[in-house]
Amino acid sequence: MGVSAGLSEQTASSPTFHHNADLAALNQRFKGCKPSEIMKFTIAEAENPVVFTNFRPLAIAFLHLVTRAKPDIPVIWVDHGYNTPETYRHIEKVIQLLDLNLHTYSPKMSAAHFNAVHGGIPPLDTPEHDFFSRTVKLEPFNRAMQELKPDVWLNGIRHDQNAHRKGLDIFTKGNHGTIRVAPMFHLREIDVEEYVYEHDLPDNDVYFDPTKGEEHRECGLLLQK
């Protein structure tokens, strides 16, 4: 079914994105669609969409895709304070390039404060690391969602990034009553690399997420209910 036909089936009086929505039907309808088509549908139907990004490698492709569809969409970024200097410089470049409507949220405890009191980033798979992740990433993210109150949370996850994400889909239930939408979900890494190349976009090659530690791990945002 084409995107235009799908749009005509939506009723003006009933919002498309709510926790009782038929996400299986949406995922089936858009399975073979281009990311731009999924984005167009989502922006047209969402009442208060937001984007979350961490400016990781290749994230520029998703941000470019979203802002072409809705230039003023709120972009949530959690600055946990542990980014590389290259990442911070990349962020400034992307803000200027895409004219991002950036909403920056920081932990209530700075990185310097956390390091001084708790001795730096704890080892993975420990209660201390769980506390660290909640402090520097989950709490600021949850605060952003509570303040902005979105119905749709757009993100750039893909099926090939790790085992957990492979089991997700384009449209899934998110926390804070949101529907998560991942327009690039069915793409491969090489597809996203080609998008970056074709649009001559700057990428971030020196990146570190202290809440993940390893590339295949989740930081916790997608695991929250």
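These legends describe close-up views of a predicted model.

**View 1. Phe17 and Phe171 form a stacked aromatic pair.** The structure holds twelve aromatic pairs. In this one, the ring centres of Phe17 and Phe171 lie 6.1 Å apart and the planes meet at 20°, so the pair counts as stacked. The two residues come from distant parts of the chain, 154 residues apart. Phe17 sits in the loop between helix H1 (3-8) and helix H2 (23-30). Phe171 belongs to strand E5 (residues 171-173). Both Phe17 and Phe171 are buried. Phe17 and Phe171 also belong to one aromatic cluster with Phe30 and Phe41.

**View 2. Phe55 and Trp77 meet edge-to-face.** The ring centres of Phe55 and Trp77 are 5.8 Å apart. Their planes stand at 85°, so this pair is edge-to-face. It links distant parts of the chain, 22 residues apart. Phe55 is in the loop between strand E1 (49-52) and helix H4 (59-69). Trp77 is in strand E2 (residues 74-78). Phe55 is buried, and Trp77 is buried too.

**View 3. Asp209 and Lys137 form a salt bridge.** The closest N and O atoms of Asp209 and Lys137 are 2.8 Å apart. Asp209 lies in the segment after H9, while Lys137 lies in helix H7 (residues 127-148), so the pair ties together parts that are 72 residues apart in sequence. Asp209 and Lys137 are both buried. A search of the whole structure finds six salt bridges.

**View 4. Lys70 pairs with Asp72 in a salt bridge.** The closest N and O atoms of Lys70 and Asp72 lie 3.3 Å apart. Lys70 is partly exposed, at 24% relative accessible area. Asp72 is also partly exposed, at 47%.

**View 5. Arg158 and Asp160 join in a salt bridge.** The N to O distance between these side chains is 2.9 Å. Arg158 has 7% relative accessibility, so Arg158 counts as buried. Asp160 reaches 34% and counts as partly exposed.

**View 6. Four glutamates form a negative surface patch.** The patch is made of Glu189, Glu193, Glu194 and Glu198. Glu193 lies in helix H9 (residues 189-198). With a relative accessible area of 35%, Glu193 is partly exposed.

Technical notes. Residues are numbered from 1 along each chain as its sequence is written. This is a predicted model: local features need pLDDT of at least 70, side-chain atom pairs count only at pLDDT 80 or more; totals for chains, interfaces and linings use all residues. Side-chain values use heavy atoms; hydrogens and water are left out. Rings of Phe, Tyr and Trp (its six-membered ring) pair if their centres lie within 6.5 Å; planes under 30 degrees apart count as stacked, over 60 as edge-to-face and the rest as tilted. Helices (H or I, at least four residues) and strands (E, at least two) are DSSP runs, numbered from the N terminus. Buried means under 20% relative accessible area, exposed over 50%, partly exposed in between (1.4 Å probe, protein chains only). Patches are made of residues with over 30% relative accessible area and no salt bridge: like charges are joined within 9 Å, nonpolar side chains (Val, Leu, Ile, Met, Phe, Trp, Tyr) within 5 Å. Accessible areas come from the Shrake-Rupley method with a 1.4 Å probe; for residues, only the protein chains shown count as cover. Lys and Arg count as positive and Asp and Glu as negative; His and the chain ends are not counted. The place of a charge is taken as NZ of Lys, CZ of Arg, CG of Asp or CD of Glu.
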